[in-house]
Amino acid sequence: MGSQTGAALQKQTLLWFIVAVSQCVSVLGCGPLYENAIEESCLAHFRRDMQELDQRHWCSWEDTVELYGELTNCTYVVALWIGCFWPNRLVDEFFIRVHKHYFHDCSMSGRLLRDPPNHILGPFIVVPILVTLLMTALVVWRSKRSEGIV
């Protein structure tokens, strides 16, 4: 019974060793080979698509969702092809670079930031000016009126 337990323990240890080695090889395979593959195939295609899209529409989620989805799927397929885990540190850094380049001016909602139309913005400018002028006139009128009272 002791030899069977020892053999089972050896098999289990060997299995853990194989899993650990395969994990290390998989992680090492996700180095420069993976980076180059996603840069040359995924990013090159995404870059072409974004250049075809008017830069004013880069922050429009409706206009970029399909392109962004294709980029994400491409990084996933390349990871499977090379034998990497996905997502991983390299793909995270890749997407951070993509966001810094293409989406750095976008708001958190994904909409392009711009001034509201004049019919909305106008009252927010005119009303405080009118209130300030009215209050100034009221203060001057009250001070003139109280000059005669002792």
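Me: In which kind of crossing does helix 2 pass helix 4?

Reply: In this predicted model, helix 2 passes helix 4 in a right-handed crossing.

Me: Why is helix 2 called roughly parallel to helix 4?

Reply: Look at the angle: helix 2 (residues 32-52) and helix 4 (residues 89-102) pack at about 25°, with their axes 12 Å apart. Angles under 35 degrees count as roughly parallel, so helix 2 is roughly parallel to helix 4.

Me: Which residues in helix 2 and helix 4 meet?

Reply: From helix 2 they include Ile 38, Leu 43, Phe 46 and Arg 47, and from helix 4 they include Leu 90, Phe 94 and Arg 97. The residues of this contact divide into 10 nonpolar, no polar and 4 charged.

Me: What makes the pair of Tyr 68 and Phe 95 tilted?

Reply: The structure holds 7 aromatic pairs. In the pair of Tyr 68 and Phe 95, the ring centres are 5.6 Å apart and the planes are at 55°.

Me: How do you know whether Tyr 68 is buried or exposed?

Reply: Buried means under 20% relative accessible area. Tyr 68 is at 18%, so Tyr 68 counts as buried. Phe 95, at 11%, counts as buried too.

Me: Why is the pair of Phe 94 and Phe 95 called edge-to-face?

Reply: Their planes are at 80° and their centres 5.4 Å apart. Planes over 60 degrees apart count as edge-to-face, so this pair is edge-to-face.

Methods
Residues are numbered from 1 along each chain as its sequence is written. This is a predicted model: local features need pLDDT of at least 70, side-chain atom pairs count only at pLDDT 80 or more; totals for chains, interfaces and linings use all residues. Side-chain values use heavy atoms; hydrogens and water are left out. Axes are lines fitted to C-alpha atoms, for helices over the stretch in contact, and angles run from 0 to 180 degrees between N-to-C directions. Helices (H or I, at least four residues) and strands (E, at least two) are DSSP runs, numbered from the N terminus. Angles under 35 degrees count as roughly parallel, over 145 as roughly antiparallel, 65 to 115 as roughly perpendicular and the rest as oblique. A crossing is left-handed if the near helix is turned anticlockwise from the far one by less than a right angle, and right-handed if clockwise. Contact means heavy atoms within 4.5 Å. Ala, Val, Leu, Ile, Met, Phe, Trp, Tyr, Cys and Pro count as nonpolar, Asp, Glu, Lys and Arg as charged, and the others, Gly among them, as polar. Rings of Phe, Tyr and Trp (its six-membered ring) pair if their centres lie within 6.5 Å; planes under 30 degrees apart count as stacked, over 60 as edge-to-face and the rest as tilted. Buried means under 20% relative accessible area, exposed over 50%, partly exposed in between (1.4 Å probe, protein chains only).
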